[in-house]
Amino acid sequence: MTISATITPAASGNPEEAEPEAPPFIERRGLPAAAPKRIAHIVSVSGSQAIAVLEREALAQGEETRVEIGQLVKVTTPASSVVGLISAVSAPAPASAPGDEDLRLVEINLAGEVVIDSRDDRLAFRRGVTHLPALGDAVLLADRHDLTRVYTQPNVATIEVGSLYQDAAVPARFLVDDLLAKHFIVVGTTGCGKSCALTVILQRVIDAHGHAHIVMLDVHNEYPGAFGERAELINPNNLHLPFWLLNFQELSAALTSGDAYHEAEIEILGDAVLAAKRRYSDASANRQLARRPGDTGGMTVDAPTPFRLSDVLSFIDEQLGKLERTQKTLPYRRLKNRIETLASDQRYSFMFGSLTVQDTMTDILARLFRVPNDGRPITVIDLSTVPPEILDVVISLISRLAFDLAVWSKGGLPMLLVCEEAHRYAPAAGDGFEPTRQALSRIAKEGRKYGLSLALVTQRPSELDTTILSQCSTVVAMRLSTERDQQVMRSNTHDSTLDLLDFLPLLGDREAIVLGQGVAMPMRIRFADVAEQSVPRNLNSAFSVSWSRPNLDRAGLEAIVSRWRHAGRERS
């Protein structure tokens with residue numbers, strides 16, 4: 001439902017209600033003054049909000065003007081044209097008798113002003129209001145020229161992602177540098193068009209920036225065809241993330257248990273990893289170095305240096321041979337069994353299955369982060385078939401590698417990390433995988449210093465870590481039905497026009513309210529349509545179609561079971 005107020009015009013001979021003159025700051029430049037549509041006058045100003053009374057007699061004979069929530073209006077002052085958004089309309093004093101007139105009020109959130117840019121002597125929009133409206137100032141509906149001036153910033157890199165709800169002829173543009181450098185989030189319920197909206201944004205970015213470096217964590221395998229030949233597609237069949245790239249916290253999560261023997265296993269694993277790294281380093285240098293007991297040779301368990309799992313197992317066997325019968329051997333045997341199980345399980349072959357160990361760190365980073373991108377500026381990593389037991393470890397590793405690469409490149413390699421279903425691996429409750437939360441939180445808080453940005457996508461913002469959510473400077477809010485999710489977005493969005501978020505349940509598919517620094521000012525938009533071949537795929541067919549005919553036979557079920565059992569060898 002659209003909340004609006006209709007103004008029925010009436011002729012008026014009152015000279016005080018004539019059309020307002022062009023503001024002096026326009027007249028001084030000799031600019032033509034259009035005939036704006038006056039709809040109201042200011043009766044109250046408080047902070048960033050103003051209240052105006054709708055006028056019936058100010059419009060020309062035979063015209064009708066519809067005033068809706070979300071529309072852009074302007075208030076003329078002697079020094080500028082103040083721009084705001086209508087946030088509410090009401091009739092607090094309805095007419096009690098036929099022929100009487102209602103008192104109709106319009107609430108306006110002030111957002112910015114149009115002033116003369118001293119650099120080129122032209123009108124330009126800027127956020128913030130220096131010259132507040134005064135009582136009696138005229139309120140005018142913004143026309144197409146006003147909309148274009150406000151939402152299209154000159155001399156600033158922008159991308160066109162759709163059109164304005166107020167006027168479909170005016171393009172909706174995002175400010176590229178502010179959008180990417182300061183993190184953004186796309187939220188909305190299932191089926192509202194989040195994936196298509198994200199596809200439009202990323203397509204426009206790489207259309208305009210052929211040397212981009214974007215990594216997408218695709219947990220549902222939705223985007224294999226979204227970017228065509230411009231995407232490097234990685235799945236568990238061709239993914240290679242050797243275990244030695246893991247830091248010790250991630251390695252411990254993958255190799256140790258979470259029961260009473262956890263601490264003992266961690267201590268054993270730390271000693272074993274250091275010994276394995278020293279042995280590999282010595283073998284690589286083709287020399288043996290005499291070391292005193294406890295001497296690590298400058299190595300640490302967190303350093304991304306290669307080592308062999310076989311050397312870890314050998315160390316454990318050596319320690320088992322030294323233990324007396326009275327000492328506990330269970331932690332050693334359990335740790336050894338866990339390592340042997342992972343090494344032999346085909347599902348983990350991309351991380352633990354390599355028979356040889358080589359220092360391929362540069363090659364891995366080059367492929368993941370597209371250095372050079374060779375015409376493929378985006379990497380889409382299909383994580384849909386990665387075992388759940390290790391999914392968090394994989395996401396943590398990729399996120400941490402992105403941050404470390406950004407730091408060691410000293411900001412010379414700007415990158416965007418896109419996290420689909422972000423609430424799954426960075427939950428607000430605090431019971432998620434801690435290394436992943438730490439890696440994403442560090443990017444959210446410090447990434448912009450080094451040119452690393454986050455793009456988060458979630459259907460449940462209330463379940464996302466609040467520290468990460470609060471660092472997103474641009475919010476693309478699509479339809480949200482639950483009050484809890486809406487409240488979280490209000491409390492974590494820093495914008496003067498938060499009232500727009502009250503209408504999230506009313507948005508249509510592919511419609512969004514965009515707030516924050518990635519846009520010139522808050523706006524309601526409709527995203528552009530996505531080409532058929534680029535639409536993120538939905539593996540679920542309609543029930544009415546699927547159930548109207550046989551959909552799976554015994555042979556098909558056997559094929560599914562085969563792929564299920566050999567997920568590490570064959571892509572599902």
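Me: What makes a crossing of two helices left-handed?
Reply: A crossing is left-handed if the near helix is turned anticlockwise from the far one by less than a right angle. In this predicted model, H11 passes H13 in such a left-handed crossing.

Me: Why are H11 and H13 called roughly parallel to each other?
Reply: The axes of helix H11 (residues 388-408) and helix H13 (residues 434-446) cross at roughly 30°. Angles under 35 degrees count as roughly parallel, and H11 and H13 are therefore described that way. Their axes come within 8 Å.

Me: Which residues make the contact between H11 and H13?
Reply: H11 contributes Asp392, Ile395, Ser396, Ser399, Arg400 and Phe403. From H13 come Pro435, Thr436, Ala439, Leu440, Arg442, Ile443 and Glu446. By class, the residues of this contact are six nonpolar, three polar and four charged.

Me: Why are H7 and H8 called roughly antiparallel to each other?
Reply: The axes of helix H7 (residues 309-322) and helix H8 (residues 330-344) cross at roughly 160°. The cut-off for roughly antiparallel is over 145 degrees, so H7 and H8 are roughly antiparallel to each other. The axes come within 10 Å, and H7 passes H8 in a left-handed crossing.

Me: What is the make-up of the contact of H7 with H8, by class?
Reply: The contact has nine nonpolar, one polar and four charged residues. Among them are Leu309, Val312 and Asp317 of H7, and Tyr332, Arg333 and Ile339 of H8.

Me: What makes E11 and E14 edge strands?
Reply: Strand E11 (171-175) and strand E14 (231-234) each pair on one side only. The open sheet has eleven strands with mixed pairing, in the order E11-E10-E20-E19-E18-E12-E17-E16-E13-E15-E14. From one strand to the next, the twist averages 25°.

Me: How do you know that E16 and E17 pair?
Reply: Pairing requires at least two bridges. Strand E16 (residues 415-419) and strand E17 (residues 452-458) have five bridges, in the parallel sense, so by that cut-off they pair. Leu416 stands opposite Ser453 in E17.

Me: Which strands does helix H10 lie across?
Reply: Helix H10 (residues 361-368) lies across E13, E14 and E15, and runs at about 120° to E14.

Me: What makes the link between Ser257 and Arg334 a polar contact?
Reply: The side chains of Ser257 and Arg334 are joined at 3.3 Å. The cut-off for a pair of N or O atoms is within 3.5 Å, so the distance qualifies. Ser257 is found in the loop between helix H5 (248-255) and helix H6 (262-284). Not counting residues up to four places away in sequence, Ser257 touches His262, Glu265 and Arg334.

Key: Residues numbered from 1 in each chain as written. Predicted model: local features only at pLDDT ≥ 70, side-chain atom pairs only at ≥ 80, totals over all residues. Heavy atoms only, no water. Helix = DSSP H or I, 4+ residues; strand = E, 2+ residues; numbered from the N terminus. Axes fitted to C-alpha atoms, helices over the stretch in contact; angles between N-to-C directions. Contact = heavy atoms within 4.5 Å. Parallel < 35°, antiparallel > 145°, perpendicular 65-115°, else oblique. Nonpolar A, V, L, I, M, F, W, Y, C, P; charged D, E, K, R; others polar. Polar contact = N/O pair within 3.5 Å; in protein donor to acceptor, adjacent residues only side chain to side chain.
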